Amino acid sequence: GFNLYNREAAVQYANKWWNSYNPAYPIFDVDCTNYVSQCLRAGGAPMRGYPNRAQGWWVQGGTWSFSWSVSHSFRWYLDTSTKGLRARKVGSASELQLGDVICYDFEGDGRFNHSTIVTGFDGTEPRVNAHTNNSINRDWRYTNSMAYEPGKTTYIFFHILDSFT
């Protein structure tokens, strides 16, 4: 199959559910990646890998892959997937488009612990939505977050590829 990423649909979903929870999906105490995954799904990203929780990216039948809900697993899925939902890393936030994803490592220890979705721009600087601490139209850098550590926080910028194969 072949279909295109509908960035507008992903952003519409992100804005609809930024401060509430879609009852069609599980809810997590740390909900950021589950929320971003739902946004990507709303944009047409195909799920794959069920029922192996350690493979692919999916939610089904009351269970889900680690990549669906865990920031670090999601980051590695986006970095390595060669079919279905795929992404490529870009060098700066200003290269991102609506519906793209930013992954955050607040402590700089190599373990990524937050995910956001790009929902708008202030000039060339992305604004993002997120769950856990529910946020809409937030500055992508997160410098005002309790988790942010100056000089330690690192980011990966993922451009979601426009076609899913």
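Residues are numbered from 1 along each chain as its sequence is written. In this predicted model, local features need pLDDT of at least 70 and side-chain atom pairs count only at pLDDT 80 or more, while totals for chains, interfaces and linings use all residues; side-chain values use heavy atoms, leaving out hydrogens and water.

Start with the largest nonpolar core, which has 29 residues. A nonpolar core is a set of buried Ala, Val, Leu, Ile, Met, Phe, Trp, Tyr and Cys residues joined through side-chain atoms within 4.5 Å. Buried means under 20% relative accessible area, exposed over 50%, and partly exposed in between (1.4 Å probe, protein chains only). Leu40, Leu78, Leu85, Val101 and Ile160 touch the most other members. Two or more residues come from each of helix H1 (7-16), H2, H4, S5 and S9. Helices (H or I, at least four residues) and strands (E, at least two) are DSSP runs, numbered from the N terminus. H2 gives the most to this core, with 4 residues. Apart from this core lies another, of 12 residues, including Val90 and Tyr104.

Now look at Val101. Its contacts (heavy atoms within 4.5 Å) include Leu40, Leu78 and Ile160, not counting residues up to four places away in sequence.

Helix H4 spans residues 71-80. Its buried residues are Ser71, His72, Phe74, Arg75, Tyr77 and Leu78. What covers them includes helix H2 (32-42), helix H3 (66-69) and strand S5 (101-105).

Move on to Lys89, in strand S4. Why does Lys89 count as partly exposed? The reason is its relative accessibility of 46%. Lys89 touches Asp79, Ile156, Phe157 and Phe158, not counting residues up to four places away in sequence. A polar contact of 3.2 Å joins the side chains of Lys89 and Asp79. Such a contact is a pair of N or O atoms within 3.5 Å; within protein, one must be able to donate a hydrogen and the other to accept it, and residues adjacent in sequence count only if both atoms are side-chain atoms.

On a 1 Å grid over the protein atoms alone, a cavity is a set of points where a 1.4 Å probe fits but cannot get out; lining residues have an atom within 4 Å of a point. The structure holds 1 cavity of 30 Å³ or more. The largest cavity has a volume of about 50 Å³, the space filled by probe spheres set on the points. Among its lining residues are Tyr13, Trp17, Asp31 and His131.

How values were computed
On a 1 Å grid over the protein atoms alone, a cavity is a set of points where a 1.4 Å probe fits but cannot get out, and a pocket is an open set with protein on both sides within 12 Å along at least five of seven lines; lining residues have an atom within 4 Å of a point.
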